[in-house]
Amino acid sequence: MTPADLALAAKDGTVLTPAAEAPALSIRGMTVSYAEKPAIFSVDADFAAGAMTAIVGPNGAGKSTLLKAALGVIPRLSGEVSVFGTPLETARARVAYVPQRASVDWDFPTRVIDVVLMGLYRELGLLGRVRAAHRAKAEACLARVGMSDFAARQIGQLSGGQQQRVFLARALAQEADLYLLDEPFAGVDAATEAAIIEVLKTLKDQGKSVVAVHHDLATVTRYFDRVLLLNVRKIAAGPVAQAFTPQTLAATYGGRLASAQIDQLRLGDGAGLPTGAGPEAGAGPKA
């Protein structure tokens with residue numbers, strides 16, 4: 001259905017057409033500093049609704065910081081954040097977050113099913129009374145990530161890949177519209193990576209929005225629709241075919257990404273690395 005099909009007539013006969021869909025996540029003027037050193041500086045970024053977007057950049061570029069600051073997990077010196085066109089504070093129920101596995105205390109004595117039930121905290125309320133419907137929903141989320149057989153297992157007894165699947169199941173239980181994931185494929189095996197990307201692509205097919213901090217440049221073109229290249233400042237952003245180029249990669253990684261590596265990415269896994277188009281208009285500096 002086109003915008004014209006949705007046109008509305010005002011009382012005076014003026015034709016009103018719907019506004020363009022707001023970004024799933026919009027960040028304006030984001031600056032975060034650690035001990036007077038900026039981790040990210042004056043970043044503007046829009047993450048399209050209904051798309052899968054990767055945030056890539058070298059170590060220390062501020063990728064995880066950007067997500068944490070957007071969510072208010074860490075303080076920011078400046079910046080405004082909106083979710084689907086409304087302030088984050090009024091839209092938190094629409095956002096699910098999967099943190100880095102390394103940032104979680106896996107010694108905490110809790111079962112897998114209880115971790116997933118944590119994603120239902122808004123439904124459970126202050127008393128946290130778990131009903132049959134809540135447990136059924138949690139079990140369904142575990143099934144989606146292939147972890148049904150581990151529901152009664154202590155979370156600390158699982159492998160790294162299994163733990164990551166459980167945290168994804170917890171996010172699924174929230175039934176959010178925007179999923180933010182911090183290095184979801186770090187330290188997992190190939191089977192887990194394939195299972196996670198299948199779930200994320202299913203979410204996108206359902207109209208959900210996915211933003212992931214990602215470290216494997218070789219899979220960007222295969223996994224994602226859009227990309228943000230970050231190195232303290234925004235370097236480039238947009239559809240992968242336009243923004244993920246040898247020029248923007250060189251600007252983002254500098255000497256840390258050798259020309260031979262860029263050539264490998266260009267050949268890649270069959271998807272190929274675009275060679276022509278540059279970054280989206282309005283992208284940040286290239287050094």
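**Helix H10 and the interior**

Guide: Pro246, Thr248, Leu249, Ala251, Thr252 and Tyr253 are the buried residues of H10, buried meaning under 20% relative accessible area with a 1.4 Å probe and protein chains only. The helix spans residues 246-253 and is mostly covered, with 6 of its 8 residues buried. Helices here are DSSP runs of H or I of at least four residues, and strands are runs of E of at least two, numbered from the N terminus. Just after H10, Gly254 has a positive phi of about 60°.

The model is predicted, so local features need pLDDT of at least 70 and side-chain atom pairs count only at pLDDT 80 or more, while totals for chains, interfaces and linings use all residues. Residues are numbered from 1 along each chain as its sequence is written, and side-chain values use heavy atoms, with hydrogens and water left out.

Next, the rings. The whole structure holds 2 aromatic pairs, a pair being rings of Phe, Tyr or Trp (its six-membered ring) with centres within 6.5 Å. In one of them, the ring centres of Phe185 and Tyr223 are 5.6 Å apart and the planes meet at 55°, so this pair is tilted; planes under 30 degrees apart would count as stacked and over 60 as edge-to-face. The two residues are 38 apart in the chain, with Phe185 in the loop between strand S9 (178-182) and helix H7 (190-205) and Tyr223 in helix H8 (residues 220-223). Both partners are covered: Phe185 is buried at 4% relative accessibility, and Tyr223 is buried at 9%. Ring pairs join Phe185 and Tyr223 with Phe224 in a cluster.

Now the spaces. The largest pocket contains about 250 Å³. A pocket, on a 1 Å grid over the protein atoms alone, is an open set of points with protein on both sides within 12 Å along at least five of seven lines; a cavity is a set where a 1.4 Å probe fits but cannot get out, and lining residues have an atom within 4 Å of a point. The lining of the largest pocket includes Leu71, Val73, Arg92, Met118 and Arg170. Strand S8 (95-98) and helix H4 (121-124) each give at least two residues to that lining, and S8 has the largest share, 3 residues. By class the pocket lining comprises 7 nonpolar, 2 polar and 3 charged residues, with Ala, Val, Leu, Ile, Met, Phe, Trp, Tyr, Cys and Pro as nonpolar, Asp, Glu, Lys and Arg as charged, and the others, Gly among them, as polar.

Gln174, one of the residues lining the pocket, sits in the loop between helix H6 (160-173) and S9. Gln174 is buried, at 17% relative accessible area. A polar atom of its side chain lies 3.3 Å from the backbone oxygen of Val95, and Val95 also lines the pocket.

There are 3 cavities of 30 Å³ or more in the whole structure. The largest cavity contains about 50 Å³. Its lining consists of Asp46, Phe47, Ala48, Thr53, Arg226, Val227, Leu228, Ala237 and Gly238.

Notes:
Buried means under 20% relative accessible area, exposed over 50%, partly exposed in between (1.4 Å probe, protein chains only). Grid points are joined across faces, edges and corners, and a volume is the space filled by probe spheres set on the points. A polar contact is a pair of N or O atoms within 3.5 Å; within protein, one must be able to donate a hydrogen and the other to accept it, and residues adjacent in sequence count only if both atoms are side-chain atoms.
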